[in-house]
Amino acid sequence: MKRVLVACGNGIATSTVVASKIRDYAKGKGVEITTTQCKLMEVAGKADYFDLVVTTGQFSGNSTTPVVRALSLLTGIGQEATLESIVDHLR
Amino acid sequence: MSLDLKINDELVFLDLKCERNEEVLGVLSEKLHKLGYVKDGYREAVLEREKIYPTGLPSMGHKIAIPHADYNLVNETTIAIGVLDEPVTFQSMENVDQPLDIKIVIMLAISEPHGQIEMLQKIVSIIQDESLTEKIATSKTKAEVMNVLEKVL
């Protein structure tokens, strides 16, 4: 079971939508994942415990865990490519 | 499917004439406060958050911003909508150095962490639908905006 950290400014609004979309997409591809939400400022301290970090905002810190930017899941522009990229990291 | 979210038409603003995003953020958050949906300090929190984590979205069609603040400053979940007469500048959520001309502001007052997922998903579906944002942007009356929202939400 791969673990995804989903971060946005407050960890309450856009990360909720993004986490849900990622879970649904991964499930559809037969990839089992769990998601955890947090604030962007918490990413640096938590990223090591996850397989992938997905952000809707600007994350400027360092992370050894791969980071995927997922604003497209809100705007819809390039959404499918972003979802594919996320699931590719989690296979 | 409809949600038990009641949108108060007092929270819909058309033809807002603002020069800076702080003005529209002020108008929407003050009305939310006056109607009791949010607590003291919400306005300041939204303004502060917008500076650090901007909420402009580079969507297709009319660009939308979704300002919000911490759930513990909210009494009851709702949204407030402002349509700008002329777009104002918000920074992009993904890049604080990228200005966007924002036409529609949907302020989210969310009272619980990780909650209101259906409401948020539906708001995102509006953002992604150019025909709906066009309808909101060109609405002449609050009733027209409410009509679009009620169909989706």
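The numbered points below comment on a predicted model with chains A and B.

1. Residues are numbered from 1 along each chain as its sequence is written, while chains are lettered from A and ligands numbered from 1 in the order in which they are written. Because the model is predicted, local features need pLDDT of at least 70 and side-chain atom pairs count only at pLDDT 80 or more, whereas totals for chains, interfaces and linings use all residues.

2. In chain A, strand β1 (residues 2-8) is mostly covered, with five of its seven residues buried (20 or more other C-beta atoms within 10 Å of the residue's own, the C-beta atoms being placed from the backbone). Strands here are DSSP E runs of at least two residues, and helices are H or I runs of at least four, numbered from the N terminus.

3. β1(A) pairs in the parallel sense with strand β2 (residues 33-39) of chain A over seven bridges (pairing requires at least two DSSP bridges), and A:Lys2 stands opposite A:Ile33 in β2(A). With strand β3 (residues 52-55) of chain A, β1(A) also pairs in the parallel sense, over four bridges, and there A:Leu5 faces A:Val53.

4. Chain B holds an open sheet of five strands in the order β1-β4-β5-β3-β2, with mixed pairing; its edge strands, β1 (12-16) and β2 (56-57), each pair on one side only. β2(B) runs antiparallel to strand β3 (residues 63-65) of chain B, joined by two bridges, with B:Gly56 opposite B:Ala65.

5. Between the chains, 23 residues of chain B are in contact with 18 residues of chain A (C-beta atoms, placed from the backbone, within 7 Å). Helix α3 (residues 117-127) of chain B gives the most to chain B's side, with five residues.

Notes. Buried ≥ 20, exposed ≤ 12 C-beta atoms within 10 Å, placed from the backbone. Contact = placed C-beta atoms within 7 Å.
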